[in-house]
Amino acid sequence: MAPVAPRSGDAIFANVERVNAELFTLTYGAIVRQLLTDLEEVDEVNKQLDQMGYNIGIRLIDEFLAKSNVSRCVDFRETTDVIAKVGFKMFLGVTASVANWDADGTCCSIILEDNPLVDFVELPDNCQGLYYCNILSGVIRGALEMVSMKTEVTWIRDVLRGDDAFELQVKLLKQVPEEYPYKDDE
Amino acid sequence: MVREVSESCLDSVIREMVSCYCNVFYAHKPDLAARRIEAIGYQLGFQLSERYTMERPPFNDNLEAIKFICKDFWSNLFKKQIDNLRTNHRGTFVLQDNKFRWLTRMSIDSSADNGSSVEDNSAPAAENKTAHAISMHLYFPCGIIRGALSNLGIPCAVSADISNLPACSFVISIKA
């Protein structure tokens, strides 16, 4: 069996450079607010946040792999577990849980009860369609794509919309076979 | 206990925000991109200064408020104080950070010129491009400072000077 990945990101989080969460939360809030002003349509803001998250995810995966020291995940189940326990902890300082697996193990939910992105946040009436944390789904999608997993990430529950937790459904669409860089050896 | 997140989260969203405004929304209108980036900084600075001054008496004069920006405010954001403060005693203050944290994360071409002469021709030199990219990033902290002071009742204009990198100076001109 492959070496077991660290079960939590606590030790890694303790060792990375950290900033006050309030600074991060308010920065993100200011960005969302400006996007709402500039793009006007809530749907467009959702799209843009997802795209920004994707761009962040495809870079953040490198930092994750470099610092987390996790070994190759054997399956999608282990992958999501590592995201919830190590990934979220290492970057946001909070732990998520994984639940609601479907029968063939390609779709599950990542549930976040504590989310630093939404401290101080309340959605005004004209922003009810906004997925405020859409950047997170983009990050997960982007990061997984860099490790050959095409996924679809959608919000099922959102505290800002009155639910009791944040729930992200992660659906594995396709696992792209890795292409080894044989050319280097020629 | 103070809640914390990894610094790369903050770096990532800021970088992505700047790139989004410069390369996607206003790719050919750097002025508009700059204004939006500054506005986001302003909003953040305004809120932060409100929070950081909640439990202290009001400032007696502009200098006292500027000193607060140099010390407490800067430390909260960048874990260090401003290294040098100069003023002409006529409403202009120059705050120099010898190693501005947000610039240490960018790869900067050592040959990069001082950016004061951005010649916009068909083939802009690489260093001009670098200087341009840096200056776009600096609209954000400039906005933060302007927002923070504005919350303290001090309307001003803020610009950044990067003529001796990695030091960065912020020039505050208080409106009379």
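Analyst: Let's start with one word you'll need: a residue is buried when its relative accessible area is under 20%, exposed when it is over 50%, and partly exposed in between, using a 1.4 Å probe and protein chains only. Before we look, this is a predicted model, where local features need pLDDT of at least 70, side-chain atom pairs count only at pLDDT 80 or more, and totals for chains, interfaces and linings use all residues. Residues are numbered from 1 along each chain as its sequence is written, chains are lettered from A and ligands numbered from 1 in the order written, and side-chain values use heavy atoms, leaving out hydrogens and water.

User: Okay, let me try that word. Is Ser148(A) buried or exposed?

Analyst: Ser148(A) has 16% relative accessibility, so it counts as buried. Look at its backbone too: Ser148(A) isn't a glycine, yet its phi is positive, near 70°. You'll find Ser148(A) in the loop between helix 5 (134–146) and strand 4 (149–157) of chain A. Helices (H or I, at least four residues) and strands (E, at least two) are DSSP runs, numbered from the N terminus.

User: And is Glu40(A) buried or exposed?

Analyst: Glu40(A) reaches 65% relative accessibility, so it counts as exposed. Glu40(A) has a positive phi of about 65°, again without being a glycine. Its place is the loop joining helix 2 (21–39) to helix 3 (42–68) of chain A.

User: What does Val176(A) touch?

Analyst: For touching, we use contact, meaning heavy atoms within 4.5 Å. Leaving out residues up to four places away in sequence, Val176(A) touches Ser148(A) and Lys150(A). Val176(A) is in the segment after strand 5 (166–175) of chain A, and with a relative accessible area of 34% it is partly exposed.

User: How do I read a strand, say strand 3 of chain A? Which of its residues are on one side, and which on the other?

Analyst: In a regular strand, side chains alternate between the two faces of the sheet. Here, Cys107(A), Ser109(A) and Ile111(A) are on one side, with Cys108(A), Ile110(A) and Leu112(A) on the other, and all of them are buried.

User: Now chain B. How many helices and strands are there?

Analyst: Chain B has 5 helices and 5 strands, running β-α-α-α-β-β-α-α-β-β from the N terminus. Of its 176 residues, 44% are buried.

User: In what order do the strands of its sheet lie?

Analyst: The open sheet of 4 strands in chain B has the order 2-3-5-4, with antiparallel pairing. Strand 2 (84–87) and strand 4 (156–161) of chain B are the edge strands, each pairing on one side only. From one strand to the next, the twist averages 20°.

User: Which helices pack on it?

Analyst: Helix 3 (residues 62–78) of chain B touches strand 2, strand 3 and strand 5 of chain B, and its direction makes about 15° with that of strand 3. Helix 5 (residues 126–151) of chain B touches strand 4 and strand 5 of chain B, at about 150° to the direction of strand 4. These axes are lines fitted to C-alpha atoms, for helices over the stretch in contact, and angles run from 0 to 180 degrees between N-to-C directions.

User: How many residues of the two chains are in contact?

Analyst: In chain B, 33 residues are in contact with 37 residues of chain A. The buried area (accessible area lost when two parts are put together, 1.4 Å probe, summed over both) is about 3,300 Å², 62% of it from carbon and sulfur atoms. On the chain B side, Arg3(B), Val5(B) and Glu16(B) lose the most area, together 22% of what that side buries.

User: And how many salt bridges are there?

Analyst: A salt bridge needs a side-chain nitrogen of Lys or Arg within 4 Å of a carboxyl oxygen of Asp or Glu. The rule finds 8 across the interface of chain B and chain A. One of them joins Asp38(A) and Arg36(B), with the closest N and O atoms 3.0 Å apart.

Terms used: Pairing = 2+ DSSP bridges.
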